Amino acid sequence: MTLVESSLVHLIISNSSLFNFADPYVKVWLQFGEKRIEKRKTPIFKCTLNPIFNETFSFNVPWEKIRECSLDVMVMDFDNIGRNELIGRILLAGEDSSLEVFLECVILKGHWNM
(Lines give C-alpha, C1' and ligand atoms only; values in the text may rest on other atoms or scores of the structure.)
Protein backbone atom coordinates (compact mmCIF):
# COMPACT_ATOMS: atom_id res chain seq x y z
CA MET A 1 0.00 0.00 0.00
CA THR A 2 1.36 3.41 -0.92
CA LEU A 3 0.07 6.69 0.43
CA VAL A 4 0.91 9.89 -1.40
CA GLU A 5 0.07 13.09 0.46
CA SER A 6 -2.26 15.41 -1.40
CA SER A 7 -3.38 18.99 -1.23
CA LEU A 8 -5.72 18.02 1.65
CA VAL A 9 -2.88 18.70 4.09
CA HIS A 10 -2.41 22.16 2.55
CA LEU A 11 -6.16 22.82 2.86
CA ILE A 12 -6.18 21.93 6.55
CA ILE A 13 -3.24 24.19 7.38
CA SER A 14 -4.06 27.17 5.16
CA ASN A 15 -7.68 27.48 6.31
CA SER A 16 -6.81 27.98 9.95
CA SER A 17 -6.71 31.54 11.24
CA LEU A 18 -5.46 30.23 14.58
CA PHE A 19 -1.91 29.64 13.40
CA ASN A 20 0.11 32.70 12.34
CA PHE A 21 3.17 30.48 12.14
CA ALA A 22 3.31 26.74 12.37
CA ASP A 23 5.96 24.05 12.27
CA PRO A 24 3.86 21.43 10.49
CA TYR A 25 4.65 17.80 9.86
CA VAL A 26 2.53 14.78 8.96
CA LYS A 27 2.34 11.58 10.99
CA VAL A 28 0.79 8.46 9.41
CA TRP A 29 -0.17 5.38 11.43
CA LEU A 30 -1.02 2.00 9.89
CA GLN A 31 -3.71 0.44 12.08
CA PHE A 32 -5.43 -2.94 12.26
CA GLY A 33 -8.66 -2.28 14.09
CA GLU A 34 -7.78 0.00 16.99
CA LYS A 35 -4.20 -1.31 17.22
CA ARG A 36 -1.46 0.92 15.82
CA ILE A 37 1.11 -1.17 13.94
CA GLU A 38 3.55 1.10 12.14
CA LYS A 39 4.29 4.85 11.98
CA ARG A 40 5.81 7.13 9.35
CA LYS A 41 6.55 10.88 9.65
CA THR A 42 7.58 13.70 7.35
CA PRO A 43 10.28 16.19 8.23
CA ILE A 44 9.19 19.28 10.17
CA PHE A 45 8.80 22.45 8.12
CA LYS A 46 9.67 25.44 10.29
CA CYS A 47 7.58 28.65 10.35
CA THR A 48 5.30 27.99 7.40
CA LEU A 49 1.63 27.55 6.62
CA ASN A 50 2.39 26.35 3.07
CA PRO A 51 4.59 23.28 3.35
CA ILE A 52 5.23 21.06 0.35
CA PHE A 53 5.79 17.64 1.84
CA ASN A 54 6.22 15.65 -1.39
CA GLU A 55 6.51 12.39 0.56
CA THR A 56 5.50 8.84 -0.26
CA PHE A 57 4.92 6.29 2.48
CA SER A 58 4.84 2.55 1.84
CA PHE A 59 3.43 -0.09 4.16
CA ASN A 60 3.59 -3.84 3.59
CA VAL A 61 0.06 -5.15 4.01
CA PRO A 62 -1.00 -8.62 2.82
CA TRP A 63 -3.79 -8.38 0.24
CA GLU A 64 -6.12 -10.56 2.34
CA LYS A 65 -5.75 -8.09 5.26
CA ILE A 66 -6.25 -4.89 3.25
CA ARG A 67 -9.89 -4.39 4.35
CA GLU A 68 -8.93 -4.74 8.02
CA CYS A 69 -6.39 -1.93 8.00
CA SER A 70 -6.72 1.83 8.10
CA LEU A 71 -4.42 4.80 7.78
CA ASP A 72 -4.64 7.59 10.35
CA VAL A 73 -3.09 10.71 8.76
CA MET A 74 -2.46 13.54 11.22
CA VAL A 75 -1.15 17.02 10.50
CA MET A 76 0.74 18.18 13.57
CA ASP A 77 2.30 21.47 14.73
CA PHE A 78 5.70 20.80 16.29
CA ASP A 79 6.42 22.50 19.62
CA ASN A 80 9.80 22.55 21.38
CA ILE A 81 8.08 22.96 24.75
CA GLY A 82 5.07 20.85 25.67
CA ARG A 83 3.08 18.59 23.39
CA ASN A 84 2.81 18.89 19.64
CA GLU A 85 -0.63 20.14 18.61
CA LEU A 86 -3.00 18.35 16.28
CA ILE A 87 -4.01 20.63 13.39
CA GLY A 88 -6.15 18.16 11.45
CA ARG A 89 -6.71 14.51 10.71
CA ILE A 90 -8.11 12.15 8.11
CA LEU A 91 -8.84 8.46 8.66
CA LEU A 92 -8.76 6.21 5.61
CA ALA A 93 -10.39 2.88 6.42
CA GLY A 94 -11.28 -0.18 4.36
CA GLU A 95 -13.70 -1.81 6.77
CA ASP A 96 -16.87 -3.75 5.84
CA SER A 97 -16.02 -4.02 2.13
CA SER A 98 -16.31 -0.29 1.52
CA LEU A 99 -13.80 2.53 1.59
CA GLU A 100 -14.77 5.13 4.15
CA VAL A 101 -13.15 8.51 4.20
CA PHE A 102 -13.58 10.47 7.39
CA LEU A 103 -12.28 14.02 7.72
CA GLU A 104 -11.92 15.41 11.20
CA CYS A 105 -11.09 19.08 11.59
CA VAL A 106 -9.96 20.00 15.05
CA ILE A 107 -11.69 23.07 16.42
CA LEU A 108 -9.17 24.81 18.61
CA LYS A 109 -10.60 27.65 20.73
CA GLY A 110 -13.38 28.15 18.17
CA HIS A 111 -11.02 29.69 15.59
CA TRP A 112 -11.18 27.03 12.88
CA ASN A 113 -12.42 28.52 9.60
CA MET A 114 -13.20 26.30 6.61
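Strand β2 (residues 24-32) is largely enclosed by the rest of the structure, because eight of its nine residues are buried (buried: under 20% relative accessible area, 1.4 Å probe, protein chains only). Strands here are DSSP runs of E with at least two residues, numbered from the N terminus.

The model is predicted: local features need pLDDT of at least 70, side-chain atom pairs count only at pLDDT 80 or more, and totals for chains, interfaces and linings use all residues. Residues are numbered from 1 along each chain as its sequence is written, and side-chain values use heavy atoms, without hydrogens and water.

## Pairing of β2

Strand β2 pairs with β5 in the antiparallel sense over nine bridges; pairing requires at least two DSSP bridges between two strands. Six bridges join β2 to the antiparallel strand β3 (residues 35-41). Trp 29 faces Asp 72 in β5 and has Lys 39 as its bridge partner in β3.

The hairpin of β2 and β3 has two residues between the strands, and Gly 33 in the turn has a positive phi of about 65°.

Asp 72 lies in β5 (residues 69-77) and is buried, with a relative accessible area of 5%. Its side chain makes a polar contact with that of Arg 89 at 3.1 Å (N or O atoms within 3.5 Å, one able to donate a hydrogen and the other to accept it; residues adjacent in sequence count only if both atoms are side-chain atoms).

Asp 77 is also found in β5. The side chain of Asp 77 reaches the backbone nitrogen of Asp 23 at 2.8 Å.

Technical notes:
Helices (H or I, at least four residues) and strands (E, at least two) are DSSP runs, numbered from the N terminus. Buried means under 20% relative accessible area, exposed over 50%, partly exposed in between (1.4 Å probe, protein chains only).
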